[in-house]
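Here's a quick walk through a few spots worth a look. Keep the viewer open as you read.

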Amino acid sequence: MHFSDLNLNKPLLKAIFEKNYETPTKVQIQTIPLVLAKKNVIASAQTGTGKTAAFALPILQLLFHQLDTNKEQKKIRALIVSPTRELAVQINEEFTDYSKYTKLSSTVVYGGISIDAQKKVLKKGVDILIATPGRLLELCKQEIVDLSTIEILVLDEADLMLDMGFIDDIKKIDLLCPTQKQILLFSATMPSKVVHFAKNLLSNPEIVEVISIKSETTKVKELLYYVPKPNKIELCLHLLRNTIKGNILIFRRTRNGVDNLEQTLLKNDFKVETLHGEKSQNLRQNALSK
Ligand code: AMP
């Protein structure tokens with residue numbers, strides 16, 4: 001199977017070629033034709049399966065084929081709602097790459113940073129908006145964003161969205177969009193609360209289930225060390241110096257714990273960046289890009 005077998009148009013195929021993707025992934029093979037056929041879709045697919053392109057590519061194609069030719073200000077036609085700011089930024093980056101040879105534009109809005117710059121971009125008009133729920137509703141309340149022209153709504157990481165308590169926000173967003181629209185719902189897991197929520201929201205959905213065999217997690221070796229609490233840092237330094245190579249991701253339970261470990265690692269000449277909820281969004285974004 002090649003991307004050209006999926007009936008994608010030349011501007012998209014060119015952008016895909018430049019991303020060096022050789023073949024479509026499973027979720028892309030299954031989802032792209034359904035989205036192009038304007039079906040509602042519930043897809044269970046984890047991050048890493050290529051799920052963003054599975055909705056971004058056909059959305060771009062659908063919007064491209066009914067490109068507004070009048071010179072009026074662009075209206076938002078596709079809305080992608082993401083539970084986290086970082087994911088929203090990543091989704092927008094993918095849309096930007098894939099839409100390179102189309103005249104379609106996208107932007108991302110999320111909380112934790114100034115709303116004014118986001119308002120400025122929105123006032124110029126975009127075709128595709130990627131947003132986290134809180135900031136989106138704020139922009140709707142201020143009448144900067146009008147969702148009445150939405151043709152396609154994507155709910156990404158629906159399980160996380162429900163876990164993070166966004167259920168009422170999502171219902172509000174759905175009501176601000178026209179009743180007649182295509183909805184795509186993606187979720188890494190499908191617990192009954194997600195199934196129930198999805199069934200209420202989507203009429204006659206097509207179901208896509210992708211069990212990823214070549215998951216990155218199968219390549220991860222796990223080791224467990226029992227260690228008295230005071231020796232944890234010592235063990236960590238020992239492992240970093242002697243056994244672990246490459247980039248390392250460390251999770252800690254508390255923000256304080258993260259800050260303390262950062263100081264220790266810096267004193268020991270490691271290059272460290274930290275990420276937690278007490279840091280401003282700009283600092284978090286900087287840490288991620290480093
Ligand atoms: P996602 O599951 O959307 O988070 O995508 C994971 C990564 O896979 C992203 O970095 C994409 O750029 C990349 N990707 C998406 N589709 C393909 C493909 N068909 N071939 C290779 N890489 C891809």
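Where is the place of Ser106? Ser106 sits in strand β3, which covers residues 106–109. Bear in mind that this is a predicted model.

Stay on Ser106 for a moment. Leaving aside residues up to four places away in sequence, Ser106 touches Asn92, Phe95, Thr96, Val126, Ile128 and Ile130. With one of these, Asn92, the link is also polar: the side chains of Ser106 and Asn92 are joined by a polar contact of 2.7 Å.

Now over to a helix pair. Two packed helices are described by the angle between their axes and by how far apart those axes are. Here the pair is α4, residues 85–98, and α12, residues 281–289. Their packing angle is about 55°, and the axes are 11 Å apart. As for handedness, α4 and α12 cross in a right-handed way.

Which residues make that contact? From α4 come Arg85, Glu86 and Val89, while α12 brings in Gln281, Arg284, Gln285 and Leu288.

Next, the ligand. There are 13 residues around the ligand, and the ones that come nearest are Tyr21, Gln28, Gly48, Gly50 and Thr52. If you zoom in on the protein backbone there, you can pick out these distances to an oxygen atom of the ligand:

| Residue | Backbone atom | Distance to a ligand oxygen atom |
|---|---|---|
| Gly48 | N or O | 2.7 Å |
| Thr49 | polar atom | 3.0 Å |
| Gly50 | N or O | 2.7 Å |

So much for contacts; on to backbone angles. Which residue has a positive phi of about 50° although it is not a glycine? That's Glu157, and you'll find Glu157 in the loop between β5 (152–155) and α7 (158–163). Lys38 is another residue other than glycine with a positive phi, with a value near 65°. Lys38 lies in the loop between α2 (26–36) and β1 (41–44).

How values were computed
Residues numbered from 1 in each chain as written. Predicted model: local features only at pLDDT ≥ 70, side-chain atom pairs only at ≥ 80, totals over all residues. Heavy atoms only, no water. Axes fitted to C-alpha atoms, helices over the stretch in contact; angles between N-to-C directions. Helix = DSSP H or I, 4+ residues; strand = E, 2+ residues; numbered from the N terminus. Left-handed = near helix turned anticlockwise from the far one by under 90°. Contact = heavy atoms within 4.5 Å. Near = heavy atom within 4 Å. Polar contact = N/O pair within 3.5 Å; in protein donor to acceptor, adjacent residues only side chain to side chain.
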